[in-house]
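Dear colleague,

Please find below the structure that I am handing over to you, followed by an account of what was found in it. I would be grateful if you could read the two side by side.

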Amino acid sequence: MYLGLLKLQPSEAGLSEITPTTTTTQVPPPLWLLAEITYKCPLHCVFCYNPLNYAENRKELTTEEWKDVLRQARKLGAAQLGFSGGEPLVRDDLEELIGEAHQLGFYTNLITSGIGLTEERISRMKDLGLDHIQLSFQDSTKEMNDFLSSTKTFDLKNRVAKLIKKYDYPMVLNVVLHRYNLDHIGRIIEMAVEMEVEYLELANTQYYGWGMVNRDQLMPTREQLVRAEATVNEYREKLGNKIKLLFVVPDYFEERPKACMNGWGSVFLAVAADGSALPCHAAKSLPGLQFPNVTETTLKDIWYNSDAFNRYRGYGWMKEPCRTCPDKEKDFGGCRCQAYALTGDAENADPVCSKSAQHGDVKKIVLQAQAPRTEEKPLVYRNDANSMRYAAIPIKEERDKVS
């Protein structure tokens, strides 16, 4: 699953020097809860952000355990809830969880590939109070959509899109972009117009999880990005307010990092299928952190007191150049997972930043994408067999392999 429309707004509280002995008066409550209720998925997308070793652990929270998580998160202050995965529709208790969340007062969002969404289920979800559905496509053509997910799902997704309109949901579409489909962006927008989409997120691949493994194959050229952005701007002018287009540039082509999750442990709380609580969806890739489990620790204690959530809060952990950089209050040093993946140290500045000593490594990766290709490396699909293979590879070895 790709996270999609999880674009969090910065907290107005502001975070200063926070240590693992923080108090609740120093840290604002979480606003967004992402419930990754399963890692099972009928699709095998090559850019999925799920952990490489997801198949190693089949344990999932029970219905009652998830309900307890929802109650605790709402009491803590979370207001928006995303049901994600894997594919959340794989869980046959999804409707029961939606009903519980609605009664608790959450604004609920189903982040889905659409596979498994029948008219009976969407009707039930509507009755139970589901507020929002975000549907993903891989491309505007059946051939490329099915190739990238290693499934035959394009026609099914089109039927689901019609169901979403029929049940009067805001039509929100997410398409992950990369070398294989970036040149199709005009056709993708036309497809969205035909579907009467109100909000289209064109999200260039961010290189975590399976996207990192396939980075060499997925990395676009700068020329592709320039053409694609120009096409998006042309359609913005042409379509006006008919459809809102969001174009997310991949970090590697930027000079400044994004404010990842608007600061570690600031507004975003994820709970993985096995109950691990995470400050971001890719946090398990970081070594040296023990992520508490909701079956053993309360969400309140996890959010305010755990080392995992306090480790990169505020600015006290920062090295130079971040520590004295005036932009640290805007970007919080960038992404910790990206810093680790590219430099081997999660406390380093995100190397997409031009002030980072390792920024040249990122520029080299981008330049390599421009070079003519004599042969294409095969894509590594997100499936159980590949997951078990990667589970056996030490984290550092895998990092060195893909860096």
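Of the 403 residues of the chain, 60% are buried, where buried means under 20% relative accessible area, exposed over 50% and partly exposed in between, with a 1.4 Å probe and protein chains only. This is a predicted model, in which local features need pLDDT of at least 70 and side-chain atom pairs count only at pLDDT 80 or more, while totals for chains, interfaces and linings use all residues. Residues are numbered from 1 along each chain as its sequence is written, and side-chain values use heavy atoms, with hydrogens and water left out.

Overall form

Along the principal axes, the C-alpha atoms fill a box of roughly 55 × 55 × 45 Å. Among contacts with a separation of 6 or more, 74% join residues 24 or more positions apart; contact means heavy atoms within 4.5 Å.

The chain exposes about 16900 Å², of which carbon and sulfur atoms supply 51%; accessible areas come from the Shrake-Rupley method with a 1.4 Å probe, and for residues only the protein chains shown count as cover. There are 49 positive and 55 negative side chains, and the centres of the two sets lie 2 Å apart. Lys and Arg count as positive and Asp and Glu as negative, without His and the chain ends; each charge is placed at NZ of Lys, CZ of Arg, CG of Asp or CD of Glu.

Helices

The chain has 16 helices and 9 strands. These are DSSP runs numbered from the N terminus, helices being H or I with at least four residues and strands E with at least two.

Helix α13 (residues 336-343) is mostly covered, with 7 of its 8 residues buried: R336, C337, Q338, A339, Y340, A341 and L342. G344 follows α13 and has a positive phi, near 85°.

In helix α15 (residues 384-391), the buried residues are N386, S387 and Y390. They lie on the same side of α15 because they cover an arc of only 105° around the axis, the arc being that of the directions from the helix axis to the C-beta atoms. An α-helix has 3.6 residues a turn, so residues three or four places apart point the same way.

R121 belongs to helix α3 (residues 119-128) and is buried, at a relative accessible area of 16%. Apart from neighbours within four places in sequence, R121 is in contact with L89, R91, D92, L94, E95 and G116.

Backbone features for your attention

- The peptide bond from G85 to G86 is cis, with omega near 20°; G86 is in the loop between β2 (80-84) and α2 (94-104).
- The peptide bond from E320 to P321 is also cis, with omega near 10°, and P321 is in the loop between α11 (307-310) and α12 (328-331).
- D168 is not a glycine, yet its phi is positive, about 60°. D168 is in the loop between α5 (154-166) and β5 (172-177) and is exposed, with a relative accessible area of 62%.
- E196, likewise a residue other than glycine, has a positive phi near 60°. E196 is in the loop between α6 (185-194) and β6 (199-204) and counts as exposed at 51% relative accessibility.

Yours sincerely
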